[in-house]
Amino acid sequence: MATKDTPPRWDRKMQQRLARGEAAALGELYDRFASLVHSLAHRVLDDDDAADQITREVFGYIWENPDAYDPKQGNMRSWVARLTQRQAVHRLRQAEALAFAERGEGTAEELEQKVRRASVAARADYIVTSMPTPLRQALELAYFQRRDYRQTAADLGVTEDEARRRLRLGLQLLSTANTRPLEGSSPPGAGGYGRSL
């Protein structure tokens, strides 16, 4: 899962190309971020077809609103992940509210708990995919490959102190998934990023 962070210059050039209407730019952006978008949407919705739809909507929104991206708010990867999380949580909220209204399944509290759990999971995924590559690599080694900090240091070619620092910072970032306010109740256009989907 470790991928290169996109440089700010690449982000600006991509935004400019999209603003000029270069279809090749959208294809390049899609190739770079489609798997991220689909996996985040699937994490929230647990449905491949719905994740496919969210993926189309997010890239359609980006194509129609390239100026909605503000480099001062973070890199393009983070922005795309944020759009995806918001849209997927919005879709989950709609689907669950419809099921509640049609079939009387669950209570309003259960609906909000389900949305909250999905939001926290999406936020955790978003945090991991948006954190700097060195932190993400350290966490991936520790979590997926069950490496301790010494093994992580050896695998990454860094000192043990640096490996501990990366793991600590990565875990601190991840811990905010359940404590910071969630932005999942509004679609991608909310929060100062252009028009809504």
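Analyst: Happy to. On the α7 side of the contact you will find Tyr149, Arg150, Thr152, Ala153 and Leu156, and these meet Glu160, Ala163, Arg164, Arg166 and Leu167 of α8. Contact here means heavy atoms within 4.5 Å. Sorted by class, the contact of α7 with α8 holds 5 nonpolar, 1 polar and 4 charged residues. In this sorting Ala, Val, Leu, Ile, Met, Phe, Trp, Tyr, Cys and Pro are nonpolar, Asp, Glu, Lys and Arg are charged, and the others, Gly among them, are polar.

Before going on, please keep in mind that this is a predicted model, in which local features need pLDDT of at least 70 and side-chain atom pairs count only at pLDDT 80 or more, while totals for chains, interfaces and linings use all residues. Residues are numbered from 1 along each chain as its sequence is written, and side-chain values use heavy atoms, with hydrogens and water left out.

Now the geometry. Helix α8 covers residues 160-175, and its axis lies 8 Å from that of α7, with the two packing at an angle of about 105°. That makes α7 roughly perpendicular to α8. Angles of 65 to 115 degrees count as roughly perpendicular, those under 35 as roughly parallel, those over 145 as roughly antiparallel, and the rest as oblique. The axes are lines fitted to C-alpha atoms, for helices over the stretch in contact, and angles run from 0 to 180 degrees between N-to-C directions. Helices are DSSP runs of H or I with at least four residues, strands are runs of E with at least two, and both are numbered from the N terminus.

α7 has another partner, α6. Their axes come within 10 Å and cross at roughly 130°, so α6 is oblique to α7. Gln137, Ala138, Leu141 and Ala142 come from α6, while Thr152, Asp155 and Leu156 come from α7. By class, that is 4 nonpolar, 2 polar and 1 charged residues. At 36% relative accessibility, Asp148 is classed as partly exposed; buried means under 20% relative accessible area, exposed over 50%, and partly exposed in between, using a 1.4 Å probe and protein chains only. Its C-alpha atom is 9.7 Å from that of Ala138, 10 residues apart along the chain. Arg146 belongs to this loop as well, and with a relative accessible area of 71% it is exposed. Arg146 also has a positive phi of about 55°, although it is not a glycine. Most residues other than glycine have a negative phi. Asp46, in the loop between α2 and α3, likewise has a positive phi, near 55°, and counts as exposed at 62% relative accessibility.

For comparison, here is a helix pair elsewhere in the chain. Leu36, Leu40, Arg43 and Val44 in α2 meet Ala118, Ala121, Ala122, Asp125, Tyr126 and Thr129 in α5. That contact has 7 nonpolar, 1 polar and 2 charged residues.

Stepping back to the whole chain, there are 8 helices and 0 strands. Of its 197 residues, 42% count as buried. The largest nonpolar core has 43 residues, and Leu29, Phe33, Val44, Ile62, Met76 and Trp79 have the most contacts inside it. Such a core is a set of buried Ala, Val, Leu, Ile, Met, Phe, Trp, Tyr and Cys residues joined through side-chain atoms within 4.5 Å. At least two core residues come from each of α1, α2, α3 (48-64), α4 (76-103), α5 and α6 (133-144). With 10 residues, α2 gives the most to this core.
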